[in-house]
Amino acid sequence: MSTVELVPAGLVHAELLAGMHKICFAQPWSVASMAEVLTMPGAEGLIAVDGGSMTPTAEPPGPAGLVLWRQVLDEAEILTISVLPPWRRHGLGRRLLQAALEASRTAGAASMFLEVAADNHPALALYGRMGFHEIGLRKGYYGGIDAVAMHLELA
């Protein structure tokens, strides 16, 4: 994945991010929702951009994944993270998550929170490997699917 570059996401990317989100989630965020998130105080994001042919299917250059997070005082939260299908299972989700964790830690966050659909087993496994632990459950949060709330100490 060495030709995949992580570039800062900005308001100009709202349409691209919404399109990527639509590919990855049953309940995608709209362009307006993406723009709202990107302008929230403390919000940051990264877009993974593949320079070309890094996947077994030899995908052309273009966006491969995204992560958006927000920090308020010493707490940070992953708002959304996704990897487009051709780039899954190649460590890109881990790389995006690690970048958000490092940026939050550098900015003074002591902890990171996130929520994930209880049936998203690959994501749950990744978060577990990264040291997150379950702290709660939101029944039916994702259109009838429970959300697992998770936490990681960054200090």
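**Salt bridges and overall fold**

A search of the whole structure, which is a predicted model, turns up two salt bridges. In one of them, the side chains of Arg138 and Glu115 meet, with 2.9 Å from N to O. This pair ties together distant parts of the chain, as Arg138 belongs to strand E6 (residues 133–142) and Glu115 to strand E5 (residues 111–117), 23 residues apart. Arg138 counts as partly exposed because its relative accessibility is 40%, and Glu115, at 22%, is likewise partly exposed. Asp146 forms a salt bridge with Lys139, and here the closest N and O atoms are 3.6 Å apart. Lys139 has a relative accessible area of 67%, so this residue is exposed.

Turning to the fold, the chain contains four helices and seven strands. Followed along the sequence, these elements come in the order β-α-α-β-β-β-α-β-α-β-β. The chain is as compact as a globular protein of its length, because its radius of gyration of 15 Å is close to the 15 Å that the globule rule gives for 155 residues. Its C-alpha trace spans about 40 × 30 × 30 Å along the principal axes.

Contacts and surface complete the picture. Among contacts with a separation of 6 or more, 61% join residues 24 or more positions apart. Of the 155 residues, 40% count as buried. The accessible surface of the chain comes to about 8,000 Å², and carbon and sulfur atoms hold 56% of that area.

Conventions: Residues are numbered from 1 along each chain as its sequence is written. This is a predicted model: local features need pLDDT of at least 70, side-chain atom pairs count only at pLDDT 80 or more; totals for chains, interfaces and linings use all residues. Side-chain values use heavy atoms; hydrogens and water are left out. Helices (H or I, at least four residues) and strands (E, at least two) are DSSP runs, numbered from the N terminus. The radius of gyration is taken over C-alpha atoms; the globule rule is 2.2 Å times the number of residues to the power 0.38. Buried means under 20% relative accessible area, exposed over 50%, partly exposed in between (1.4 Å probe, protein chains only). Contact means heavy atoms within 4.5 Å. Accessible areas come from the Shrake-Rupley method with a 1.4 Å probe; for residues, only the protein chains shown count as cover. A salt bridge is a side-chain nitrogen of Lys or Arg within 4 Å of a carboxyl oxygen of Asp or Glu.
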